[in-house]
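Welcome, and please take a moment to look over the sequence and the structure.

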Amino acid sequence: MTTSELTLPQDRVPVPAARAPRRRVMGAGKQMHAGPLTYVVLVVFALVSLAPLVWTAIAASRTNTRLAETPPPLWFGGNLFKNLQTAWDQAGMGTAMFNSTVVAGTITIGTVLFSTLAGFAFAKLKFKFSSTLLLLTIGTMMIPPQLAVVPLYLWMADLHWSNHLQTVILPTLVSAFGTFFMRQYLVQALPTELIEAARVDGASSLRVVWHVVFPAARPAMAVLGLLTFVMAWNDFLWPIIALNQQNPTVQVALNSLGTGYIPDQSVIMAGALLGTLPLLIAFLLFGKQIVGGIMQGAVKG
Amino acid sequence: MSSSKQALAHPAPGSGAAPGHQPGAARGAGGRGTPPPGPSSWRSRLYRWDMKASPYAFISPFFIIFGAFGLIPLLYTAWYSLHNVQLSSLDHKSWAGLDNYRNLLSSDFFWNALKNTFTIGLISTVPQLLMAIGIAHLLNYRLRGSTVWRVVMLTPYATSVAAATLVFTLLYSWDGGMVNWLLHFVGVDPVNWRESTWGSQFAVSSIVIWRWTGYNALIYLAAMQAIPADLYESAAIDGANRWQQFRHVTIPQLRPTILFTVVVSTIGATQLFGEPLLFGGVSGSKGGSEHQYQTLGLYMYDQGWIIGNLGKASAIAWSMFLILLIVAAINLLFTRRLRKSQ
């Protein structure tokens with residue numbers, strides 16, 4: 001074993017960062033330019049996508065009485081900060097934002113870590129029943145969350161865990177989608193020779209994971225992290241059963257707002273705006289990566 | 001050899017050849033009790049053990065957590081569906097046989113919820129996927145700022161069900177609502193989006209459509225970009241115009257992706273819950289005064305946590321699962337048919 005042999009595969013590690021290498025390049029040159037009509041239609045769809053969000057901000061800057069009048073407000077008023085303040089203090093959005101950050105953050109770390117480990121095992125390691133277990137993993141995606149909530153609720157009540165954050169963190173700490181996503185990525189992005197080279201040198205599996213798998217998986221881990229955070233932040237069914245307004249996540253607080261906790265529409269809109277803002281900022285910063293992740297998962301799925 | 005080892009051992013300098021310093025070794029040796037006969041065989045045994053066990057160790061977090069919080073509860077849900085379990089007295093469960101299921105089958109509300117789930121699923125999924133294919137087709141052209149367009153189309157996906165529904169509920173309000181105000185410009189009388197059956201089901205569906213169209217468009221776009229360009233070239237040589245190329249090249253090539261999105265959307269539609277719940281406001285779990293948009297997911301929540309009959313809620317959950325399995329089976333049959341007919 002010479003030095004050059006080892007450095008060769010090591011140099012390949014960054015290569016997977018250039019996404020989707022197997023996609024045909026020829027399509028790019030042949031793509032037709034968009035005509036003006038295409039832009040017109042896209043602008044319409046873009047407006048439909050953005051208008052409800054912009055209008056949320058407009059409504060959040062008005063008063064409850066103004067929102068009940070016709071015509072509805074089409075421009076910003078002067079009440080935004082007062083409403084945000086009320087939503088933050090009285091509707092519990094402050095606590096909720098903090099809780100959701102803890103919950104979604106923990107779920108993201110757990111899901112990315114466990115998905116990378118399992119994805120690596122399914123992609124590159126040989127073991128009995130591996131293909132059956134992979135199919136089983138994919139199959140679990142079909143199971144609706146509704147099928148678990150009654151027993152979970154009873155157990156959490158037994159443990160006196162209702163209203164504690166671990167109640168909503170633990171069940172979501174792993175993801176079948178994430179495992180499959182990482183597997184599909186590592187099948188292509190992690191050269192088998194690299195693992196073998198490390199094995200020849202007597203590296204244990206944990207060491208292989210740390211020095212070979214994690215570096216190669218990093219781009220996909222980042223994307224999976226973003227997607228997981230969005231999903232965890234927006235999770236609805238189990239949190240509204242397990243938690244209540246005393247210790248809410250964002251979605252639980254919004255649910256309370258929607259069921260009349262504070263009957264002021266402008267405050268409700270301020271709450272909706274607050275609860276969406278972190279993800280909108282994430283989209284602004286990492287939109288390209290999130291889009292890439294969804295498209296990547298799609299081709300392989 | 002030595003240089004390569006250094007590269008791998010980098011963060012733990014000095015561990016060198018001593019096997020006891022390896023993290024895997026320390027873990028593996030603990031509690032086995034057999035004294036190693038010699039350093040080399042001890043090490044190779046450990047190595048073999050590591051190779052065998054570590055794949056299972058790596059996949060175990062998923063299966064342990066899914067087992068504990070997914071699979072076992074699923075079975076318990078089946079067990080509870082055969083019991084009388086009340087929210088008010090959680091410790092007293094009594095055997096009820098098939099009573100919960102009999103109760104469901106004779107309940108008008110169950111059939112109503114099933115019907116609503118089906119119609120809302122239909123009017124939210126079909127237009128959504130059709131529009132998504134259209135948008136994907138446009139995004140597949142060479143565009144200025146293509147990434148910006150994609151991110152914008154995906155923004156609704158960042159909005160949670162709760163936030164989106166709160167906003168749409170206000171937009172759809174009877175008087176002073178944006179939708180009715182815009183409709184009056186084209187001479188349409190105000191629609192009662194809350195009370196009318198079709199109006200409310202359309203309104204609920206529109207929230208689903210708004211949130212998911214861009215997401216599905218990106219999935220179609222990814223599939224479109226994977227279509228080999230020579231297919232289009234030969235179609236163009238045969239004199240196919242843009243529409244014919246779309247119809248005879250793009251759509252057939254997208255078929256697996258379309259089936260995938262249909263399955264995923266169907267699963268989503270079967271579970272529809274948050275949108276009708278919050279659209280209903282204070283009495284949301286009823287799905288409107290006449291239960292006109294109460295879905296199965298909502299019915300389950302209503303029976304379980306508002307009425308307090310968790311046994312019946314369990315029976316509803318399992319019915320949903322059975323319906324999903326039937327839908328999946330139909331999808332599978334349909335796919336096979338399609339393949340055979342090709």
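## A hairpin in chain B

Let us begin with a pair of residues: B:Gln86 has B:Ser89, in strand S2(B), as its bridge partner. Strand S1 of chain B covers residues 83-86 and strand S2 of chain B covers residues 89-95. These two strands pair in the antiparallel sense, over 3 bridges. The link between S1(B) and S2(B) is a hairpin of 2 residues.

## How confident is the prediction?

Please keep in mind that this is a predicted model. For the complex, the predictor reports an ipTM of 0.85 and a pTM of 0.85.

Chain A has a mean pLDDT of 86, with 88% of its residues scoring at least 70. Within chain A, the lowest confidence falls in helix H1 (residues 3-12), with a mean of 34, while the highest falls in helix H6 (residues 93-124), at 96. Residues 1-30 of chain A have a pLDDT below 50, and this stretch has 34 contacts in the model beyond near neighbours in sequence. For chain B the mean pLDDT is 85, and 88% of its residues reach 70 or more. Here the pLDDT is below 50 over residues 1-36, a stretch with 38 contacts in the model beyond near neighbours in sequence.

## Where the chains meet

Now follow helix H7 (residues 161-171) of chain B to helix H9 (residues 197-225) of chain B: their axes come within 10 Å and cross at roughly 130°. The angle is therefore one that makes H7(B) oblique to H9(B). The crossing of these two helices, H7(B) and H9(B), is right-handed. From H7(B), the contact uses B:Ala164, B:Thr165 and B:Phe168; from H9(B), it uses B:Ala203, B:Ser206, B:Ile207, B:Trp210 and B:Arg211. By class, the residues where H7(B) meets H9(B) are 5 nonpolar, 2 polar and 1 charged.

Another crossing brings in helix H10 (residues 229-237) and helix H11 (residues 242-270) of chain B, whose axes come within 10 Å and cross at roughly 140°. Because of that angle, H10(B) is oblique to H11(B). H10(B) passes H11(B) in a right-handed crossing. Which residues of H10(B) and H11(B) meet? B:Leu231, B:Tyr232 and B:Ala235 come from H10(B), and B:Gln245, B:His248 and B:Val249 come from H11(B). This contact of H10(B) with H11(B) has 4 nonpolar residues, 2 polar and no charged.

## Two backbone details in chain A

Where in chain A does A:Pro71 sit? A:Pro71 lies in the loop between helix H4 (64-67) and helix H5 (80-89) of chain A. The peptide bond that joins A:Thr70 and A:Pro71 is cis, with omega about -10°.

A further stop is A:His160, in the loop between helix H8 (146-158) and helix H9 (166-169) of chain A. Although A:His160 is not a glycine, its phi is positive, at about 55°.

How values were computed
Residues are numbered from 1 along each chain as its sequence is written. Chains are lettered from A and ligands numbered from 1 in the order in which they are written. This is a predicted model: local features need pLDDT of at least 70, side-chain atom pairs count only at pLDDT 80 or more; totals for chains, interfaces and linings use all residues. pLDDT is the predictor's confidence in each residue, from 0 to 100. Two residues are in contact if their C-beta atoms, placed from the backbone, lie within 7 Å. Axes are lines fitted to C-alpha atoms, for helices over the stretch in contact, and angles run from 0 to 180 degrees between N-to-C directions. Helices (H or I, at least four residues) and strands (E, at least two) are DSSP runs, numbered from the N terminus. Angles under 35 degrees count as roughly parallel, over 145 as roughly antiparallel, 65 to 115 as roughly perpendicular and the rest as oblique. A crossing is left-handed if the near helix is turned anticlockwise from the far one by less than a right angle, and right-handed if clockwise. Ala, Val, Leu, Ile, Met, Phe, Trp, Tyr, Cys and Pro count as nonpolar, Asp, Glu, Lys and Arg as charged, and the others, Gly among them, as polar. Two strands pair if DSSP finds at least two bridges between them.
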